[in-house]
Structure formats: structure tokens, C-alpha cells
Amino acid sequence: MSKPFKIPQSVLVVIHTPALDVLLINRADAPNFWQSVTGAKDREDEAFEDTAVREVFEETGIDARAGVLADWGMENVYEIYPRWRHRYAEGVTHNTEHVFGLRVAEGTDVKLNPREHTGFMWLPWRAAADACFSPSNAEAILLLPQFSGAR
């Protein structure tokens, strides 16, 4: 049985502490591709918030409901990298990504899914933005002070 195609609707979840340190995780299928939590909907009718909660737990072991999950009301539309396009139906070239922030306590434990990620690091928000391979992820992190209420 073949794996179903990915739905081109996903979430980006910027996980951060009150001090605006940001969690970045390293993709297992692309060394040195540091990013925030991302993931596609499992079903067309899955709510973006449910996708965010599920993906955060699957990728980091963090229960998003124990932190403060905030829908930033932003979406990025971007071209899917050619190396990952085979995961989508023929002709699908773009993805729509809904952005969330997740505030967690300092010292929150991270348990990576080793099939998906090989490492993690907490960085101050500006350094985290610089370390991201994805321009839309970096842009979201740069908006963190605005959306977190910190100044």
C-alpha cells in the first residue's frame, strides 16, 4: 500500500521561552537544515490548531496545551523545495503554511523523533532567525517580539 500524498497545507510553530529563546530542530533528511516545528495536515478538515498541537508533540515531545499556543493569523505561501515535491500529488508546487507561536517554560524538556530530527538547540530569537534555512521560518521568528507581546 502506497503512502498518501501530503496535503499542501501545513503549520509552522515557533516554540519560544518568555525570554524569547527559540527552539530549532535539525532535519534528519537534510543535515544543517535548522527549523521550527513544521508539519502538514493529516486530513483536509483537520483544524490548523490541531495540526500544530499534533506536530509539536510528534517532533519534540512537548505538549502544546501545557504552554501558550497562539495563532498569529498569518499564512505563508511558498514553493515546495524540489527535493520534497515527490511527497505531494502531481502538479502541486506550492504549500500554504499557517503560523503559530508556542510559549513554553524555560528548561522545557525536548524529546526528538529521531526519524525526523537529529538535534535541537535553543537560541536567542535573532540568532535563531539567522540559523534557519527557510526564509519564511526566519521571517516568522523575526516577528516573535511583536506577537509574543515582548518589547
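**Ground rules**

I am working with a predicted model, where local features need pLDDT of at least 70, side-chain atom pairs count only at pLDDT 80 or more, and totals for chains, interfaces and linings use all residues. Residues are numbered from 1 along each chain as its sequence is written, and side-chain values use heavy atoms, with hydrogens and water left out.

**Overall fold**

I found 4 helices and 7 strands in the protein chain. These are DSSP runs numbered from the N terminus: helices are H or I with at least four residues, strands are E with at least two. I read the order along the sequence as β-β-β-β-α-β-β-β-α-α-α. The radius of gyration is 15 Å, close to the 15 Å from the globule rule for 151 residues, so the chain is as compact as a globular protein of that length. For the record, that radius is taken over C-alpha atoms, and the rule is 2.2 Å times the number of residues to the power 0.38.

I also noted that the C-alpha trace spans about 45 × 30 × 25 Å along its principal axes. Of the 151 residues, 45% count as buried. The accessible surface comes to about 8100 Å², and 53% of that belongs to carbon and sulfur atoms; the areas come from the Shrake-Rupley method with a 1.4 Å probe, and for residues only the protein chains shown count as cover. Among contacts (heavy atoms within 4.5 Å) with a separation of 6 or more, 70% are between residues 24 or more positions apart.

**Salt bridges**

My search of the whole structure gave 11 salt bridges. The criterion is a side-chain nitrogen of Lys or Arg within 4 Å of a carboxyl oxygen of Asp or Glu.

I went back to Arg65, whose side chain meets that of Glu49 in a salt bridge at 3.7 Å, N to O. The pair links distant parts of the chain, 16 residues apart: Arg65 sits in the loop between helix 1 (48-60) and strand 5, and Glu49 in helix 1. Glu49 counts as partly exposed at 41% relative accessibility.

Next I checked Glu79 and Arg85, whose side chains form a salt bridge at 2.6 Å, N to O. Arg85 is partly exposed, at 24% relative accessibility. I also noted one network, in which salt bridges that share partners join Asp42, Glu46, Arg54, Glu55 and Glu58.

Asp29 pairs with Arg27, and their closest N and O atoms are 2.9 Å apart. Here Arg27 is buried, with a relative accessible area of 14%, while Asp29 is partly exposed at 31%.

I did find a polar contact of 3.2 Å between the side chains of Glu97 and Ser136. Such a contact is a pair of N or O atoms within 3.5 Å; within protein, one must be able to donate a hydrogen and the other to accept it, and residues adjacent in sequence count only if both atoms are side-chain atoms. Leaving aside neighbours within four places in sequence, the contacts of Glu97 include Ser10, Thr38, Met74 and Tyr78.

**Two loop residues**

Ser36 lies in the loop between strand 3 (34-35) and strand 4 (37-40), and counts as buried at 1% relative accessibility. Not counting residues up to four places away in sequence, Ser36 touches several others, among them Leu12, Leu23, Asn137 and Ile141.

Glu90 lies in the loop between strand 5 (68-79) and strand 6, and counts as exposed at 83%. I noted 9.2 Å between the C-alpha atoms of Glu90 and Phe5, which are 85 residues apart along the chain.

Key
Buried < 20%, exposed > 50% of the residue type's maximum accessible area, 1.4 Å probe, protein only.
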